[in-house]
Amino acid sequence: MPDLNHVRTHLSRYTSLEGAKAFFEALGYPVMDPLPLDLEDMPTTVREAVRSVVQLVHIGDGSSFRIFHVELVGAGHAVPLRRTDIRRFLEAYYRHSPQGENLFVFSASGQADELAFVSPRRLPDPRDPSKVRLWLRILQVRRDQPYRTDLEILDRIRADGIRDPAAIWQRHEEAFSVQRVTEQFYRDYSEVFIQIRDHLIRTHRGNGPEWARDYAHQLLNRIMFLYFIARKGWLMGPDGRPDRDFMRHFWEAYRQTGARDAFHRDWLDVLLFEAFNNRWQNRAEYRDRFPDWLVSSLSQAPYLNGGLYRRRPGLDDRLGRPVPDALFALLFERWADGTFPGLFERYNFTVVESGRFDEEVAVDPEMLGMVYERLVNVTFESGDGGEDLRGAAGIFYTPRTEIDLMCRLALVDWLRNHLGKEHTNLLYRWVFAFSEEEKREADEEVTEKGFWEDLHRLVRRVRVCDPACGSGSFLVGMLLILDDLQARCNQALGESETPYERRKRILQDQLYGVDVMEWAVRVAELRLWLQLVVETELQGWELKARPLLPNLSLKLRPGDSLLQTLGDLDLSPFRRGELPIPSPLRGRLTQLKGRKRRFFQGEEQGLTEERLRKEEQDLFRDILDHRIHELRNALAGKRSQLRSLSAQSPLPGMPASPANAEQREHLEAEIQELEEQLGRYQSAKAALRPDRPPPFVWDMAFVEIFEDDDPGFDIVIGNPPYVRQEKIRDYLGRFDRAEYLHRLNESLRAIYPGFMGGTRRISGRADYYLYFYLHALSLLAERGAFCFITSNSWLDVDFGKDLQEFFLRFGHLKMIIDNQAKRSFAQADVNTVIVLAGPPERRHPLGEAEMKRRPVRFVAFRVPFEEAMSPVVFSEIEDERLYQSLAGFRVLQRPEFRAILHDQWSLYQEGLADPDVGATQRVAPTRRVAPARRGRAARAFAEIDLRPYAGNKWGGKYLRAPDIFFTILEKGRRYRVFLYGKEPVIVEDVTDELED
């Protein structure tokens with residue numbers, strides 16, 4: 001076991017340059033006399049932020065390893081270390097000294113307690129060798145009170161006499177690995193979670209294991225959130241000052257009373273449900289129970305609200321026996337192995353979510369997302385064996401780089417749809433800008449073009465949905481990007497808005513999520529709340545004036561994104577606006593929209609989630625009543641027509657005319673269909689009982705989106721679950737597997753009558769994510785953008801032909817991105833692609849001319865995405881002029897990627913079956929029926945060869961084929977290409993030689 005006390009002792013003395021030298025000497029580094037760094041060549045902004053820089057260690061020549069201490073300008077405790085100052089200095093430093101590896105230790109001048117150990121990784125710039133982009137790994141440490149994990153990381157960078165720069169750097173790479181910290185936190189967190197859950201299962205047998213799981217999750221959520229907000233200085237300690245260690249002092253105060261197993265009921269519940277809900281009562285029993293400092297602290301506790309600290313029906317009210325002290329001791333006092341302290345006290349919690357190219361080596365909100373999504377594989381029975389639910393549900397955490405790339409790609413595409421294709425390059429530069437220099441240059445170009453007002457309007461109105469949101473990673477990613485873009489718009493237009501106000505507005509108006517697992521929705525709420533907390537700087541009185549956390553429960557919904565059913569009624573047509581809503585009910589929808597906004601703010605007493613859900617249910621019932629009334633009237637009319645026809649029957653013995661017989665048959669069929677519809681609506685109404693929660697229905701849950709003038713989401717983005725066909729099931733337990741698959745197909749038939757027709761079924765071998773593609777695309781608004789990351793299997797396997805044909809004949813497939821250098825999901829045996837697309841047609845296929853006007857780009861990256869996140873790279877991919885003809889293909893070769901440009905018509909022709917496989921059909925032009933709620937013209941698919949679409953091996957042919965594949969094809973026609981499995985095989989044609 002490492003000697004952490006030795007590290008702790010020398011860290012506490014790191015208060016001067018002499019202390020800095022002693023610290024690194026204790027870690028085994030050859031320390032030199034401090035060598036000052038000249039700052040004269042640094043930009044003015046750097047010189048203003050940096051007081052001094054000295055070099056302490058230099059190991060090796062050429063590609064060396066160095067350690068620097070950097071003192072930033074500050075004012076003691078009042079000004080903490082700012083990440084922007086750190087990055088600004090490092091970017092300037094590496095522009096002058098790009099060689100070698102370094103460790104930088106930052107401190108603020110004055111009496112500040114914090115040190116920031118920063119280990120930069122250099123990323124090559126895709127086009128400019130003189131520039132370097134930095135990936136920062138940051139460890140913020142308190143000198144006097146470091147966390148155990150901080151000491152462990154610092155102990156791992158010991159030199160121990162090593163003088164090889166490469167070997168030293170390898171130690172730093174391993175020590176500053178966020179993945180390693182995540183793994184450790186996951187193991188520790190899952191251990192205490194299992195202990196709490198299993199205790200609840202044993203003591204509350206009547207509640208079931210799912211309740212025990214949910215209660216354990218929520219209890220730990222509530223406690224962890226306190227650790228995050230304590231870092232903001234919002235909780236007062238024993239000395240009457242902001243206390244970063246509030247929970248430890250809270251627990252110690254309880255221990256000093258000598259009480260046993262009373263912490264949960266008598267202490268924690270008061271803190272959670274009274275103090276943070278603005279319901280603190282200065283009762284005599286509380287003054288007797290709590291020490292004076294705690295009474296004062298609880299009376300000043302911030303008004304959090306948001307639902308996290310509200311007793312949840314069905315969860316908190318079913319707790320019969322409080323959790324014992326021994327389990328809380330694992331969190332605050334002593335860990336399971338007997339070492340001090342407990343779980344939450346040994347980790348550093350930071351409210352700063354990692355950015356695109358920086359990450360804090362601590363427990364941040366993103367790490368919580370990773371941990372929770374991995375924790376799903378913990379079984380709910382006894383913890384031994386059983387089904388791996390995470391694997392069965394196909395849940396894999398999307399890396400931050402991929403999230404950031406997808407969010408920016410989707411935003412550029414959506415903005416281009418509104419501002420014009422000719423502005424694509426500018427939009428890439430503006431949205432992808434990362435450094436201060438890049439942002440300044442892009443913003444100046446926006447000023448020259450006079451685009452600020454247009455961009456300001458658009459980035460404030462774009463509405464984003466993740467239909468399989470998990471722990472909210474894409475929503476957080478989009479929040480951070482929109483926040484940055486809107487802040488730049490505000491600055492350019494002179495608008496005043498605090499970061500807190502801006503992010504709260506984005507949450508209120510622009511972000512939506514759905515997930516079938518409620519635990520995931522709760523974690524997403526937690527992460528989004530934390531994004532508000534990090535940007536909230538308020539005075540004491542402001543913490544009590546209004547609820548700080550908005551109610552997100554009507555923005556993030558638990559439910560099945562794919563299948564909304566009530567009784568036997570499929571609600572998919574309702575989502576598409578084909579269930580008529582009379583004007584009086586539309587007025588109620590508008591009122592409901594307003595009440596939901598007030599509920600989000602949390603400032604109207606009595607406006608509860610339960611009340612609003614009841615309003616949704618009542619309104620839905622009235623809509624069903626209206627439809628039932630219409631169907632009954634229609635039935636009465638058809639039956640009257642049938643009786644009238646019967647009265648006109650010929651005399652006995654005379655044959656009925658063929659026209660009358662055909663009319664009678666037609667009326668009887670219509671009556672039967674209306675009766676079946678009426679029966680389904682009546683059974684749906686009967687199923688909509690007051691004692692049951694209403695089903696998740698897109699139109700009702702997000703009325704402000706689907707009853708808008710431009711209905712639908714502007715961006716649909718996400719990472720849907722990957723589940724092989726044999727494991728697809730209804731996670732809500734409504735239907736068996738066969739019935740669930742049948743209903744999924746029927747719902748698609750209602751949404752896409754043109755594609756599904758009357759008989760088509762999605763292949764029974766299709767992965768679950770294929771259904772997500774089709775359903776999620778239907779959520780898009782008129783000029784929306786779609787971006788998914790999924791398994792790449794649909795590009796090559798047989799079941800993928802359904803999705804390929806849909807994209808080519810009805811969709812707008814824009815880009816398919818693969819990465820040959822780095823797998824997105826290292827923990828899963830899954831190769832992925834990113835797909836960028838536009839809204840599809842619902843009723844009529846595209847014509848040949850329109851298909852030819854829709855280019856498709858297959859992009860295979862040769863470097864990790866973090867090395868290719870540049871506007872230059874994607875502008876080149878978009879520029880058709882750069883593609884060169886090669887072996888019948890249009891190819892663009894760059895060091896970072898290879899792109900192939902095709903069009904939907906050519907891809908469709910390539911995928912048609914051979915003429916002898918299926919009969920060739922010709923179809924005449926058809927009269928177009930306007931798609932409901934979509935105004936774009938859908939050209940008739942006229943006079944087109946409709947041989948069966950057999951599919952094509954897009955992955956093997958366009959993404960994974962080696963460059964030599966195209967070179968050989970270009971050199972002569974003696975070579976033929978065959979696909980062996982998924983990979984292309986090149987064979988020389990020697991038939992002429994054999995004949996000779």
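Biologist: Which strands does helix α22 lie across, and at what angle does it run to β10?

Modeller: Helix α22 (residues 518–534) lies across β9 (511–515) and β10, and its direction is at about 165° to that of β10. Please bear in mind that this is a predicted model.

Biologist: How is β9 joined to the strands beside it, parallel or antiparallel?

Modeller: One reads this from the bridges between strands. Strand β8 (residues 464–466) is joined to β9 by three bridges, and the two run parallel. Within that pairing, C465 has Y512 of β9 as its bridge partner. Three bridges also link β9 to β10, again in parallel, and there D515 stands opposite P558 of β10.

Biologist: Is β9 buried or exposed?

Modeller: A residue counts as buried when its relative accessible area is under 20%. In β9, five of the five residues are buried, so the strand is largely enclosed by the rest of the structure. Both faces are covered: L511, G513 and D515 are buried on one side, and Y512 and V514 on the other.

Biologist: What is the order of the strands in the sheet that contains β9?

Modeller: The sheet is open and has 11 strands, in the order β10-β9-β8-β13-β14-β16-β15-β17-β20-β19-β18, with mixed pairing. Its edge strands are β10 (556–558) and β18 (884–886), each of which pairs on one side only. Neighbouring strands are turned by 20° against each other on average, direction ignored. Elsewhere in this sheet, β15 (residues 812–819) and β17 (residues 855–861) run parallel and are joined by five bridges; N819 has F861 of β17 as its bridge partner.

Biologist: Which strands stand at the edges of the open sheet of seven strands?

Modeller: That sheet has the order β1-β2-β3-β4-β5-β6-β7, and its pairing is mixed. At the edges stand β1 (31–36) and β7 (358–360); each has a single partner strand, so one side of each is left without a neighbour in the sheet. From one strand to the next the twist averages 25°. As an antiparallel case, β4 (residues 101–108) is joined to β5 (residues 114–124) by four bridges, and F106 is partnered with A116 of β5.

Biologist: Finally, what percentage of the residues of the whole protein count as buried?

Modeller: Of its 996 residues, 58% count as buried. The secondary structure comes to 39 helices and 22 strands. The protein exposes about 40500 Å², of which carbon and sulfur atoms supply 48%. Among contacts between residues at least 6 apart in sequence, 73% join residues at least 24 apart.

Conventions: Residues are numbered from 1 along each chain as its sequence is written. This is a predicted model: local features need pLDDT of at least 70, side-chain atom pairs count only at pLDDT 80 or more; totals for chains, interfaces and linings use all residues. Side-chain values use heavy atoms; hydrogens and water are left out. Two strands pair if DSSP finds at least two bridges between them. Axes are lines fitted to C-alpha atoms, for helices over the stretch in contact, and angles run from 0 to 180 degrees between N-to-C directions. Contact means heavy atoms within 4.5 Å. Buried means under 20% relative accessible area, exposed over 50%, partly exposed in between (1.4 Å probe, protein chains only). Accessible areas come from the Shrake-Rupley method with a 1.4 Å probe; for residues, only the protein chains shown count as cover.
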